[in-house]
Amino acid sequence: AEARRWYQRAAEQGSAHALRGWAFMLLSGDGGPADPIRGAAYLDLAAKAGDENAISLWPRVETFAAENRTAIEAVKAAWVREHGTPR
């Protein structure tokens with residue numbers, strides 16, 4: 001749970017690496033409840049920011065993401081509005 005909070009804090013400061021770590025924890029339920037919509041959204045943002053691990057993990061959620069594209073896009077848009085584009 002503590003790691004999840006640290007990943008969140010670093011992600012909110014713009015770290016794509018941290019956003020990917022937090023995304024994976026949200027997808028898997030490590031350190032708290034699973035939230036696959038937010039997890040997929042954050043993983044996609046991290047991948048688009050160039051995080052190599054996020055890019056390699058993306059195929060694991062690609063089908064889920066396609067089935068939930070509208071919700072995921074809304075989460076991504078909210079993240080960018082509040083925190084900017086990760087780097």
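Which residues is aspartate 44 in contact with, leaving aside its neighbours within four places in sequence? I looked this up in a predicted model. I found Trp58, Arg69, Glu73 and Lys76.

**Entry 1: aspartate 44**

I placed aspartate 44 in helix H3, residues 36-48. I then checked its accessibility. Aspartate 44 has 5% relative accessibility, so it counts as buried, the cut-off being under 20%. Its side chain makes a polar contact of 2.8 Å with the side chain of lysine 48.

**Entry 2: aromatic rings**

I turned to the rings next. The structure holds three aromatic pairs. I looked at the one formed by tryptophan 22 and tyrosine 42, which is tilted. I noted 4.9 Å centre to centre and 35 degrees between the planes. Tryptophan 22 belongs to helix H2 (residues 16-28) and tyrosine 42 to helix H3, so this pair ties together parts that are 20 residues apart in sequence.

Elsewhere, I checked a charge over a ring. The charged end of arginine 9 sits over the ring of tryptophan 6, 4.8 Å from the ring's centre.

**Entry 3: the nonpolar core**

I went on to the largest nonpolar core, which has 20 residues. Trp22, Tyr42 and Trp79 are among those with the most contacts inside it, as are Ala11, Leu19 and Leu43. H2, H3, helix H4 (52-67) and helix H5 (69-83) each supply at least two residues. Which helix gives the largest share? That is H3, with seven residues.

Leaving aside neighbours within four places in sequence, leucine 19 is in contact with Ala11, Tyr42, Leu45, Ala46, Trp79 and Pro86.

**Entry 4: helix H2**

I finished with H2 itself. H2 has 13 residues. From first C-alpha to last, H2 reaches 18 Å, close to the 18 Å expected at 1.5 Å a residue. Its buried residues include Leu19, Arg20, Gly21, Trp22 and Met25. What covers the buried residues of H2? The cover includes helix H1 (2-12), H3, H4 and H5.

I checked both ends. At the N-terminal end, serine 15 caps H2, with a side-chain oxygen 3.4 Å from the backbone nitrogen of histidine 17. Glycine 29 follows H2, and its phi is positive, near 85 degrees.

How values were computed
Residues are numbered from 1 along each chain as its sequence is written. This is a predicted model: local features need pLDDT of at least 70, side-chain atom pairs count only at pLDDT 80 or more; totals for chains, interfaces and linings use all residues. Side-chain values use heavy atoms; hydrogens and water are left out. Helices (H or I, at least four residues) and strands (E, at least two) are DSSP runs, numbered from the N terminus. Buried means under 20% relative accessible area, exposed over 50%, partly exposed in between (1.4 Å probe, protein chains only). A polar contact is a pair of N or O atoms within 3.5 Å; within protein, one must be able to donate a hydrogen and the other to accept it, and residues adjacent in sequence count only if both atoms are side-chain atoms. Contact means heavy atoms within 4.5 Å. Rings of Phe, Tyr and Trp (its six-membered ring) pair if their centres lie within 6.5 Å; planes under 30 degrees apart count as stacked, over 60 as edge-to-face and the rest as tilted. A charge sits over a ring if NZ of Lys or CZ of Arg is within 6 Å of the ring centre and within 35 degrees of the ring normal. A nonpolar core is a set of buried Ala, Val, Leu, Ile, Met, Phe, Trp, Tyr and Cys residues joined through side-chain atoms within 4.5 Å. The expected span of a helix is 1.5 Å times one less than its number of residues.
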